[in-house]
Amino acid sequence: MLKHMSIQDYTDVHALWSRTPGLGLRPIEDSLEGISFYLNRNPKTCFTAWEDGKLVGAILAGHDGRRGYLYHLAVDSAYRRKGIGRQLVEQSLAALSSLGIQKVALVAFTYNQNGNAFWEKMGFSQREDLTYRNRTTT
């Protein structure tokens with residue numbers, strides 16, 4: 001069963017993210033405060049998946065008014081290959097589309113072969129013409 005992610009899900013979601021290979025967590029952005037801020041900005045686009053009361057999947061999705069972004073898709077290893085990741089992505093894409101967002105981007109680590117194979121299957125193309133850059137504000 002999918003439901004909108006809430007901050008009450010944080011402990012379970014963070015534990016899932018922490019044990020998911022290929023998913024990079026940041027101490028500030030992925031803290032309780034950081035995820036609370038994100039969910040307050042994006043209350044209808046982030047989802048969790050549950051089976052028998054257990055969290056089995058999660059995705060963060062949001063937008064800047066122009067483009068949507070997907071972050072931290074994770075499915076518990078015991079529940080993979082059951083379509084849960086696909087459902088989470090499709091639900092997030094539908095939520096973003098309902099807000100008028102027509103293009104969605106994501107970043108995946110190059111070494112994350114399983115993740116990149118999944119995103120390719122989901123129809124996300126790899127851009128070779130961009131250089132991704134980062135800078136902290138503090």
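**Figure 1. Aromatic pairs of the predicted model.** The structure holds 5 aromatic pairs, a pair being two rings of Phe, Tyr or Trp (its six-membered ring) with centres within 6.5 Å. Planes under 30 degrees apart count as stacked, over 60 as edge-to-face and the rest as tilted. The rings of Tyr 38 and Tyr 71 are edge-to-face, because their planes stand at 90°, with the centres 5.9 Å apart. Tyr 38 belongs to helix α2 (residues 32-41) and Tyr 71 to strand β4 (residues 68-75), so this pair ties together parts that are 33 residues apart in sequence. Helices (H or I, at least four residues) and strands (E, at least two) are DSSP runs, numbered from the N terminus. Ring pairs also join Tyr 38, Tyr 69 and Tyr 71 into a cluster. Tyr 38 is buried at 17% relative accessibility, whereas Tyr 71, at 37%, is partly exposed. Buried means under 20% relative accessible area, exposed over 50%, and partly exposed in between (1.4 Å probe, protein chains only).

Two notes on the model apply to every view. This is a predicted model, in which local features need pLDDT of at least 70 and side-chain atom pairs count only at pLDDT 80 or more, while totals for chains, interfaces and linings use all residues. Residues are numbered from 1 along each chain as its sequence is written, and side-chain values use heavy atoms, with hydrogens and water left out.

**Figure 2. The stacked pair of Phe 109 and Tyr 111.** A pair of aromatic rings is described by the distance of the centres and the angle of the planes. For Phe 109 and Tyr 111 these are 5.1 Å centre to centre and 15° between the planes, and the pair is stacked. Phe 109 is partly exposed, with 38% relative accessibility. Tyr 111 has a relative accessible area of 58% and is exposed.

**Figure 3. Crossing of helices α3 and α4.** Two packed helices are described by the angle between their axes and the distance between the axes. The axes of α3 (residues 84-98) and α4 (residues 113-121) come within 11 Å and cross at roughly 55°. Axes are lines fitted to C-alpha atoms, for helices over the stretch in contact, and angles run from 0 to 180 degrees between N-to-C directions. The two helices are therefore oblique to each other; angles under 35 degrees count as roughly parallel, over 145 as roughly antiparallel, 65 to 115 as roughly perpendicular and the rest as oblique. The crossing is right-handed, that is, the near helix is turned clockwise from the far one by less than a right angle. Helix α3 contributes Gly 85, Arg 86 and Val 89 to the contact, and helix α4 contributes Phe 118, Trp 119 and Lys 121. Contact means heavy atoms within 4.5 Å. By class, the residues of this contact are 3 nonpolar, 1 polar and 2 charged. Ala, Val, Leu, Ile, Met, Phe, Trp, Tyr, Cys and Pro count as nonpolar, Asp, Glu, Lys and Arg as charged, and the others, Gly among them, as polar.

Figure 4. Ile 7 is placed in the loop between β1 (2-4) and α1 and is partly exposed at 29% relative accessibility. Not counting residues up to four places away in sequence, Ile 7 touches Leu 32, Ile 35, Ser 36 and Leu 39. Ile 7 and Ser 36 are 29 residues apart in sequence, with 5.9 Å between their C-alpha atoms. Ser 31 lies in the loop between α1 (10-18) and α2, and is buried at a relative accessible area of 15%. With neighbours within four places in sequence left aside, Ser 31 is in contact with Tyr 10 and Arg 26.

Figure 5. Most residues other than glycine have a negative phi. Asp 52, although not a glycine, has a positive phi of about 55°. Asp 52 is in the loop between β2 (47-51) and β3 (54-63) and is exposed at 82% relative accessibility. Arg 81 has a positive phi near 65°. Arg 81 is in the loop between β4 and α3, and its relative accessible area of 79% makes it exposed.

Figure 6. Ala 105 is found in strand β5 (residues 104-106) and is partly exposed at 24% relative accessible area. Leaving aside neighbours within four places in sequence, Ala 105 is in contact with Arg 67, Gly 68, Tyr 69 and Leu 70. Asp 64 lies in the loop between β3 and β4 and is partly exposed, at 46%. Asp 64 and Ile 101 are 37 residues apart along the chain, and their C-alpha atoms are separated by 9.1 Å.
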